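Okay, everyone, thanks for coming.

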Amino acid sequence: MSLASDETRPLTMRRRGLRAPAKGPRYEGCDMAVQQNKVSKSRRNNRRAHDALVAANPNECPSCGELKRPHHVCPSCGQYADREVIAMADEVDLDEDAA
Ligand SMILES: [Zn+2]
C-alpha cells in the first residue's frame, strides 16, 4: 500500500487524519477513505458526548391553549404575539367533502 503525498489528499481527509485511497489494480476506481489511526472507544465516546438530542420545549399558545414552539407562530390558530399572522381556513368537514 503506497501513500500519496499530502498535497494530493483532500483537505477534509488531511484534517481527519485519513490516508489517500490505496493505489493498485485491486483499488481501481475505489475512492473509499482508509483510516490511518484507530479511534479508541474513549475518543469515540467523547466525540459522541455532544450528539444527544434535546427534547423540544413547547409553550402553551396564549390564544388557543395548544402547545407550540416558543417564538413561533402557532400552527393551530395562526397567532403570534396576540395578532393573527396566518389566516386560518375554516375547519374542513371531511364527511361533507367525501359526499
Ligand atoms: Zn394558538
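I'll start with the whole chain and then go to two residues.

Quick housekeeping: this is a predicted model, where local features need pLDDT of at least 70, side-chain atom pairs count only at pLDDT 80 or more, and totals for chains, interfaces and linings use all residues. Residues are numbered from 1 along each chain as its sequence is written.

So, the overall layout. We've got 3 helices and 6 strands, with helices (H or I, at least four residues) and strands (E, at least two) taken as DSSP runs and numbered from the N terminus. Reading from the N terminus, the order is α-β-β-α-β-β-β-β-α.

Now, burial. Of the 99 residues in the chain, 2% are buried; buried means 20 or more other C-beta atoms within 10 Å of the residue's own, exposed means 12 or fewer, partly exposed is in between, and the C-beta atoms are placed from the backbone.

Contacts next, meaning C-beta atoms, placed from the backbone, within 7 Å. Take the contacts with a separation of 6 or more: residues 24 or more positions apart account for 0% of them.

Glutamine 35 counts as exposed because it has 10 C-beta neighbours inside 10 Å. Methionine 13 is 22 residues away from glutamine 35 in sequence, and 9.4 Å away C-alpha to C-alpha.

And then there's glutamate 84, in strand S6, residues 83-84. Is glutamate 84 exposed or partly exposed? Partly exposed, because it has 13 C-beta neighbours inside 10 Å. Leaving out residues up to four places away in sequence, glutamate 84 touches Gly78 and Gln79.

Key: Two residues are in contact if their C-beta atoms, placed from the backbone, lie within 7 Å.
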